[in-house]
Amino acid sequence: MVVGDASLDIDLLVIGAGPGGYVAAIRAAQLGKSVLIVDKSDWGGVCLNRGCIPSKALISAAHTYEHAQHADSMGISVDNVKVDFAKVQEWKNGIVKKQTGGVNALLKGNKIQMFQGEVMFINENEARVFNDQEAPRYRFQNCIIATGSRPIELKAFPYGGRIISSTEALNLPEIPKSMVVIGGGYIGIELGQTFAKFGTKVTVLEGSDHVLPGFEKELTKLVARNLEKIGVEVHTEALAQSSVKNENDVTVTFTVKGEEKQITADYVLVTVGRRPNTDGELGLDLINMKLTDRGLIEVDNQGRTSIPHIFAIGDVVPGLALAHKASYEAKVAAEAIAGLPSVVDYKAMPAVVFSDPEIASVGLNETEAKEKGYNVTIGKFPYAANGRANSLNAGQGFVKLVGDKETGLLLGGQVVGPEASNLIGELALAIEMAANLEDIALTIHAHPTLTEMVMDAAEGALGHPIHQLGK
């Protein structure tokens, strides 16, 4: 029974406080809206608590451990390097706490009402928010659904015990001796490579013919080589079939090109994609929300759903499941609600994998550009020819630019190598501003820096490379 069940009025109800939800709430508050944001878990969502931030913290710790072990080439000898994994986890958790505390402070600072609990739609204009203590009912003018996604569970590999998702993998109390990773996408490779560097014997089962199948083989070859170097066993064209788990380990049966194999490991990490959180008690069926066959919410170029005053952003709408995509869509949706003419344009949407080496891409790759009919010109510059890269002992990788030969317009760029995640920012800005290759080549880049490789690649695409012989 709910006492005092009159609806409270609010301009905007935001459901979910991840990188989509909290950004939407803040932008809407900046535009004068009264906002209520609701999340059933932690402020900052999966990204800050169980995804981007904790995984990058563990990756950084693993890199540090590896560098300490292999500093001899720089004349530095470090003996008896050890990992105290409990302290690594404590450090990682401290970063998460700091970040989520920052989100909390931003929401409060923008005078946004916060409610820790769940939401159920009553009708198209009202919803009940509830937790163990209270269940107020709100009437909203607009709503933004930003409930994110969760790991897909395979029927033959039910989560629990020794079969884990990325969430449990990030919180393991100790370094496992062995691990099977099902799925060689970005989550599987990032976490598999991390645990391998800490000393875990890792086996990756990937269904396609190469790891990181969302990227061109040219980019993933270096990652595959480094996986092999640290002892990761990769089976491509592999299909996981069944599992037998007990208290101490799991035995996985899988096939590679029809041949059946088995492997036993301490843990099986399943990373085969994510499912949108559009089911459950939210009650989208009660308001007849239009969904795709995959359970994604259909939206227009402002994030507006089939119910015009309800918007959806992030992992619950079609497109890549990326935190920065959710934040971008959040600002567009909030501005649309405020009456601004904002619309989404994904041409400069970067994608990054924090593998070793890192991979980053934005805009069109060479194949995509050719398929769209462009007369393509390519500029490619290796890390090995960059002074700063060599001074960092990081001479592995390259920067590749894809341009339109007729107009010189930059169509896309890919980077594989250390700091690719940072270098891709310059290329994203260039594409957003419709820069051409000459703009990039004429931009003065500080020396010695990794960013010089972007300039060098542009000069290569224009046919007058300075730091390479010929083209």
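Predicted model: local features only at pLDDT ≥ 70, side-chain atom pairs only at ≥ 80, totals over all residues.
**View 1**

View 2. The volume computed for the second largest pocket is about 960 Å³. Its lining is made up of 28 residues, of which His 63, Glu 66, His 67, Asp 356 and Pro 418 are the closest to the centre of the pocket.

View 3. With seven residues, H3 gives the most to the lining of the second largest pocket. When the residues of that lining are divided by class, nine are nonpolar, 12 are polar and seven are charged.

**View 4. The largest cavity.** The count of cavities of 30 Å³ or more comes to two, and the largest cavity has a volume of about 50 Å³. Its lining includes Pro 151, Ile 152, Tyr 159, Ser 166 and Ile 187, together with the run Val 270, Thr 271, Val 272, Gly 273 and Arg 274. Six residues of the lining of the largest cavity are nonpolar, three are polar and one is charged.

**View 5. The second largest cavity.** A volume of about 40 Å³ is computed for the second largest cavity, whose lining consists of Ile 59, Ala 62, His 63, Glu 190, Gln 193, Thr 194, Lys 197, Phe 354, Ser 355 and Asp 356. The elements that give two or more residues to this lining are H3 and helix H6 (186–198), and H6 gives the most, with four residues. By class, the lining of the second largest cavity holds three nonpolar, four polar and three charged residues.

**View 6. His 63 and Asp 356 in two linings.** His 63 and Asp 356 are among the residues closest to the centre of the second largest pocket, and both also belong to the lining of the second largest cavity. Helix H3 likewise takes part in each site, as the element that gives the most to the lining of the pocket and as one of the elements that give two or more residues to the lining of the cavity.

How values were computed. Residues numbered from 1 in each chain as written. Heavy atoms only, no water. 1 Å grid on protein atoms, 1.4 Å probe; cavity = no way out; pocket = protein on both sides within 12 Å on 5 of 7 lines; lining within 4 Å. Points joined across faces, edges and corners; volume = space filled by probe spheres on them. Nonpolar A, V, L, I, M, F, W, Y, C, P; charged D, E, K, R; others polar.
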